[in-house]
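Thanks for asking me to look this over.

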Amino acid sequence: MVGIVGYGAYIPRYRIKVEEIASVWGADAQSYRKGLLVEEKSVPAPDQDTITMAVEASKRAIKRAGIDPREIGAVYVGSESHPYAVKPSGTVLAEAIGACPEVHTADLEFACKAGTEGMYLAMSLVKAGEIKYGLGVGADTSQGAPGDALEYTTAAGAAAFIFGRENILAEVIETYSYTTDMPDFWRREYQYYPRHGGRFTGDPAYFKHIMGAAQGIMAKAGVKPEDITYVIFHQPNGKFPLRVGELLGFKKKQIEPGLLVTYLGNTYSGSSPMGLTATFDIAQPGDLVLIVSYGSGAGSDAFLFRMTERIEEVRDLAPKTRDMLFGPKVYVDYGTYAKFRKKIRKATE
Amino acid sequence: MPTPSRYWREIPQRYRLEAGRCRRCGFIAFPPRLVCPRCQSREFEVIKLAEEGRIISYTIIRVPPHQFVDQAPYAVGIVELDDGVKLMGQIVDCPFEELKTGLRVRIEFRKIMEEGEAGIIYYGYKFVPA
Amino acid sequence: MREVAVIGIGMTKWGELWEKSLRTIFVETALAAMDDAGIDRLDAMYIGCMSSGLFVGQEHLGSLLADYLGQKPVPAARVESACASGGLALRLGFIDVASGMHDIVLVGGIEKMTDLNANEATYALGTAADQEYEGYHGITFPGLYALIARAHMEKYGTTREQLALVAVKNHENGSLNPLAQFPFKITVDAVLNSALVADPLRVLDCSPITDGAAAVILAPVEIARKLQKPVVKIIGSGHATDSIALAQREDITWLESVYQSARQALAMADKKIEEIDVFEVHDCFTIAEICIMEALGLVEKGKGGPAVEAGLTRIDGRIPVNPSGGLKAKGHPVGATGVAQAVEIVKQLRGEAGPRQVKGARLGLTQNMGGTGGSSVVHIFAAE
């Protein structure tokens with residue numbers, strides 16, 4: 001039996017409201033708030049990046065797992081905002097948590113799905129008997145071009161999961177990946193901001209792949225939507241996950257505990273993984289939890305978990321995701337946001 | 001700006017707060033040392049520092065050294081951790097008006113500085129309100 | 001050990017000396033001291049300089065300055081202890097003469113700081129702090145002293161106004177010193193309204209960036225007695241080290257190295273602090289002067305602020321501190337400061353301090369400090 005032995009999340013303290021962004025560009029805040037079902041998003045401080053958030057989320061996962069980090073045999077960081085173009089995020093993370101030197105690490109990239117990719121690899125190595133524990137992290141400090149629709153949702157956060165065979169809190173029942181080649185959203189090298197195909201990113205991209213993966217995993221596992229307690233979908237905005245859930249036959253109350261985007265924004269590689277941590281924070285032993293990620297380009301990874309008794313013993317050992325989301329936060333204005341996100345820079349000598 | 005090798009050498013301290021505890025008198029040296037300043041013993045064991053503490057004193061730097069020019073103003077303080085060790089670090093995620101001596105803080109992994117657009121990124125510990 | 005006297009002193013105007021290079025400033029000052037002593041050959045040189053390498057890219061100062069002073073092949077050593085470089089050079093020169101190794105020894109101090117911009121200079125000065133565990137986190141010297149100031153204010157109730165009064169008093173003295181960088185008075189309001197540098201310290205709490213040098217000539221007292229000048233001897237020398245990192249001190253409001261170095265110097269001189277008539281101390285920041293007064297034992301711990309407020313440290317007060325204007329008004333070319341303190345005390349003990357004269361001064365003390373108290377050097381001077 002393979003499953004998750006520890007999980008953790010990290011959300012930066014700063015926020016910016018949709019209204020604040022809209023007021024700068026002369027856009028209609030109401031239509032963005034209603035159309036996207038997003039009120040505000042997290043903003044990373046200038047001293048935070050994918051690596052710093054991955055470290056904090058991973059430390060929390062280790063606290064819940066109660067393991068010696070030297071026993072972690074693999075560390076994978078999935079992001080589309082790795083701080084270096086060449087030099088791994090994974091090595092900094094592995095050093096910071098104390099997993100070095102006997103550890104395998106790799107950095108992963110697949111738009112918003114890179115987090116679940118790391119999870120899949122970590123899980124697979126444990127399943128194959130290669131390592132005792134594997135850490136998979138999804139973290140991003142995603143960027144939206146000034147004035148672009150994405151600017152209202154691109155946010156920052158991290159979620160970390162440690163897989164193992166002992167003291168499991170969520171057993172892996174089934175996995176399924178659905179992948180096709182799709183130019184729905186991309187960024188060329190040396191470009192600062194990504195570009196996307198507008199409405200092309202909807203039905204043929206997000207919806208097709210999520211539905212493909214969700215239906216695939218449910219068929220493989222022999223379950224129906226009503227058998228599943230909670231489902232978490234990738235959350236580029238508040239509308240898509242609710243709509244795809246409805247199309248698949250899920251009810252709102254199954255989706256809501258893992259739906260963070262309205263107040264968090266889209267944390268890209270952290271998106272569905274963070275929804276999963278928020279779900280673990282409230283799930284009960286025996287609950288079936290389904291997560292379906294989506295990364296443009298395109299693909300979806302799905303995991304089906306069954307919660308064990310252990311979740312009750314460990315969930316309070318580290319901060320809960322919604323506590324961080326609604327805990328002490330600091331709102332910034334657009335100028336400060338632009339400065340933090342390096343959209344404007346100080347002229348130095 | 002430390003050079004890459006100078007930065008890398010201190011990683012156990014910067015990333016994991018590894019310190020040395022004197023086997024003879026219990027003094028905790030951070031960073032680790034070869035000679036105990038209290039009892040001159042040369043025997044130490046590696047330990048990790050506590051993760052929370054309180055602010056002993058703080059200031060807000062408004063005229064920074066050149067590598068920190070784009071960060072100013074920022075708060076720096078001396079924190080006494082729960083194991084009695086004192087260390088210096090930036091205090092972040094705290095509006096300046098809320099800074100005060102005695103404030104409980106905890107350690108968080110953050111970027112310290114970047115060497116321009118092309119140099120390496122320096123990581124280390126900072127303090128956030130607990 | 002032989003008795004050592006100061007037979008010559010030299011100092012030129014301090015400030016932003018754009019037209020003058022490091023070697024020019026030094027040589028002009030050294031010649032002034034040699035002329036004051038009436039000598040033209042030296043047996044040895046000690047030069048205090050904190051960081052010519054960072055400020056102007058120049059090391060190997062001993063040889064460079066010995067050569068440009070026309071003294072090669074004289075043995076010349078550059079001495080460094082951050083901001084206590086000058087005081088330490090004085091101590092090493094004193095030991096050289098006292099031991100009998102050399103007779104006529106020049107002790108100089110020099111710093112040429114204005115070739116860097118403000119942020120670069122802040123970095124260079126920051127090298128006196130712990131690079132990996134203080135500087136790495138973005139602290140500056142004003143920041144370190146601001147940490148001390150806040151702790152002192154919270155522990156003892158020292159006020160912002162009391163800190164300002166240190167600067168006001170030093171400027172009042174400096175306005176009487178034609179060689180000072182800022183020979184003008186300032187008000188408490190000016191201090192309190194000056195821009196914040198590192199809360200709670202403001203621009204006018206901080207000593208400036210300065211180009212300048214100072215020099216003294218030391219000789220055995222027998223030689224001094226033959227000259228047509230009042231004899232001033234160095235009768236005590238003390239030097240102590242401490243952790244340079246502020247976080248590693250027990251109590252950041254207490255300067256242990258100052259206490260230790262003063263104790264040593266007083267013991268050697270066989271004097272008590274109460275017997276000293278005039279003091280030149282290291283007011284790199286206003287709070288520093290207050291902490292130093294307490295560590296020297298001039299006032300009880302925590303009572304430095306009220307003492308300044310009561311006017312005790314004015315030239316006409318019971319414990320005159322920094323009649324020269326201190327680092328604040330006179331300027332702080334780092335390596336030169338410790339030697340300039342000696343220049344002022346010698347003037348005071350010769351009776352040559354003019355409007356700054358402390359009446360009847362017979363015993364004087366200089367205290368020069370490195371970093372936030374990582375090193376301190378104290379000398380006691382006596383008029384014979």
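1. Chain A and chain B bury about 2000 Å² between them, with carbon and sulfur atoms giving 46% of that area. Buried area here is the accessible area (1.4 Å probe) that two parts lose on being put together, summed over both. Arg13(A), Asp47(A) and Tyr84(A) supply 27% of what chain A buries against chain B, more than any other three residues.

2. A word on the basis: this is a predicted model, in which local features need pLDDT of at least 70 and side-chain atom pairs pLDDT 80 or more, while totals for chains, interfaces and linings use all residues. Residues are numbered from 1 along each chain as its sequence is written, chains are lettered from A in the order in which they are written, and side-chain values use heavy atoms, without hydrogens and water.

3. In contact terms (heavy atoms within 4.5 Å), 24 residues of chain A meet 22 residues of chain B.

4. Seven salt bridges are counted between the two chains, each a side-chain nitrogen of Lys or Arg within 4 Å of a carboxyl oxygen of Asp or Glu. One of them joins Glu114(B) to Lys342(A), with the closest N and O atoms 3.6 Å apart.

5. Chain B also has an open, antiparallel sheet of three strands, ordered β2-β1-β3; strands are DSSP runs (E, at least two residues), and two of them pair if DSSP finds at least two bridges between them. The edges are β2 (28-29) and β3 (44-48) of chain B. Strand β1 (residues 18-22) of chain B pairs with β3(B) over five bridges, and Gly20(B) stands opposite Val46(B).

Note on methods
Helix = DSSP H or I, 4+ residues; strand = E, 2+ residues; numbered from the N terminus.
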